[in-house]
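Hello,

Here is the structure I promised to pass on to you. Please open it first, and then read my notes alongside it.

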Amino acid sequence: MTTFNTDLHDRTALVCGASQGIGLASAAVLASLGCRVTLFARDPERLGEAMAALPVVPGIEHDIAVADFHDPAMVLDEAAGAIDRAGGFDILVNNTGGPPGGPITEATGEAFVKAMTAHLVNNQNLANLVLPGMKAKGFGRIVNIISTSVRCPIPGLGVSNTVRAAVAAWAKTLAGEVARDKVTVNSVLPGFTDTARLSSLFEAKAGKLGTDPGRVKDDAVASIPMGRLGEAEEVAAAVAFYCTPAASYITGTVLAVDGGRTPAF
Ligand SMILES: NC(=O)c1ccc[n+]([C@@H]2O[C@H](COP(=O)([O-])OP(=O)(O)OC[C@H]3O[C@@H](n4cnc5c(N)ncnc54)[C@H](OP(=O)(O)O)[C@@H]3O)[C@@H](O)[C@H]2O)c1
């Protein structure tokens with residue numbers, strides 16, 4: 001009999017950038033499928049509130065971990081504690097705050113180092129931490145929240161475009177190396193999604209253009225075939241699908257969740 005298996009009971013997930021936005025929405029969907037989740041970000045108070053609002057999994061307590069993703073040693077240390085408390089992670093969602101916007105001609109070398117550390121170095125360190133357990137179990141899911149800019153660079157996001165492409169290449173390479181261990185590695189590419197990150201980008205662009213953020217938002221919406229911003233929950237649905245048993249034969253892929261905006265296959 002063919003089944004569409006989305007059951008994540010007895011599974012554990014480390015979800016990064018999970019105190020709000022796409023990370024939190026992803027954690028909530030995973031919890032709704034029965035998964036025990038650890039929410040990882042900087043602000044313990046916001047994390048505590050987010051954890052308290054997660055769907056309840058009977059007999060399971062969700063958890064939080066606190067670190068600044070600009071400090072990879074702290075991230076590893078906290079993640080190691082969280083992995084002990086969880087008894088291993090079956091799912092890793094790599095995600096953190098996006099780099100500041102701005103043209104590449106105005107970016108400093110330091111901005112690249114910072115963004116590469118927050119996005120790529122932590123991904124590698126966290127993967128190294130969780131992979132032995134995933135391989136031993138014969139089940140693992142690594143999902144990276146990146147951006148549609150890996151298909152079409154977005155003007156005005158110079159550092160971000162560059163770092164996202166590096167993360168996509170990293171994920172594809174890793175996917176091939178761990179495929180026989182039944183660990184999948186995939187990436188979700190959010191389009192314009194209605195979160196704090198997007199509001200701050202609209203505000204920054206409006207400040208630069210001397211206009212108001214509402215107009216910048218209207219222009220953004222006009223570029224989306226569906227005629228609206230995405231919701232964090234819509235991106236989270238794609239993240240969660242990649243994590244399910246049903247997605248067992250999908251690896252090394254990227255999935256845009258962008259209302260049709262990216263002008264490429
Ligand atoms: N929203 C969009 O339209 C869109 C489109 C394409 C790509 N993306 C990318 O998708 C990712 C998630 O976006 P989002 O819209 O959900 O962003 P968001 O609402 O700003 O949420 C970012 C999350 O990351 C955490 N975070 C930020 N900086 C951190 C740091 N230095 N260390 C640890 N945690 C940190 C934040 O929590 P704390 O502040 O508590 O640490 C928060 O939980 C970002 O990389 C973003 O650039 C977003």
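Below are notes on the domains and on one pair of helices. Please keep in mind that this is a predicted model.

Let's start with the overall division. Where the two domains touch, 17 residues of domain 1 are in contact with 12 residues of domain 2. Together they bury about 980 Å², and carbon and sulfur atoms give 51% of that area.

Next, have a look at two helices, α4 (residues 109–137) and α5 (residues 158–178). Their axes come within 9 Å and cross at roughly 20°. Angles under 35 degrees count as roughly parallel, so α4 and α5 are roughly parallel to each other. The crossing in which α4 passes α5 is right-handed.

Which residues of α4 and α5 meet? On the α4 side they include Ala-111, Phe-112, Met-116, His-119, Leu-120, Leu-131 and Lys-135. Among their partners in α5 are Gly-158, Val-159, Arg-164, Trp-170, Leu-174 and Val-178. Sorted by class, the contact of α4 with α5 has 14 nonpolar, five polar and two charged residues.

Enjoy exploring it!

Best wishes

Note on methods. Residues numbered from 1 in each chain as written. Predicted model: local features only at pLDDT ≥ 70, side-chain atom pairs only at ≥ 80, totals over all residues. Heavy atoms only, no water. Axes fitted to C-alpha atoms, helices over the stretch in contact; angles between N-to-C directions. Helix = DSSP H or I, 4+ residues; strand = E, 2+ residues; numbered from the N terminus. Parallel < 35°, antiparallel > 145°, perpendicular 65-115°, else oblique. Left-handed = near helix turned anticlockwise from the far one by under 90°. Contact = heavy atoms within 4.5 Å. Nonpolar A, V, L, I, M, F, W, Y, C, P; charged D, E, K, R; others polar. Buried area = accessible area lost by both parts, 1.4 Å probe.
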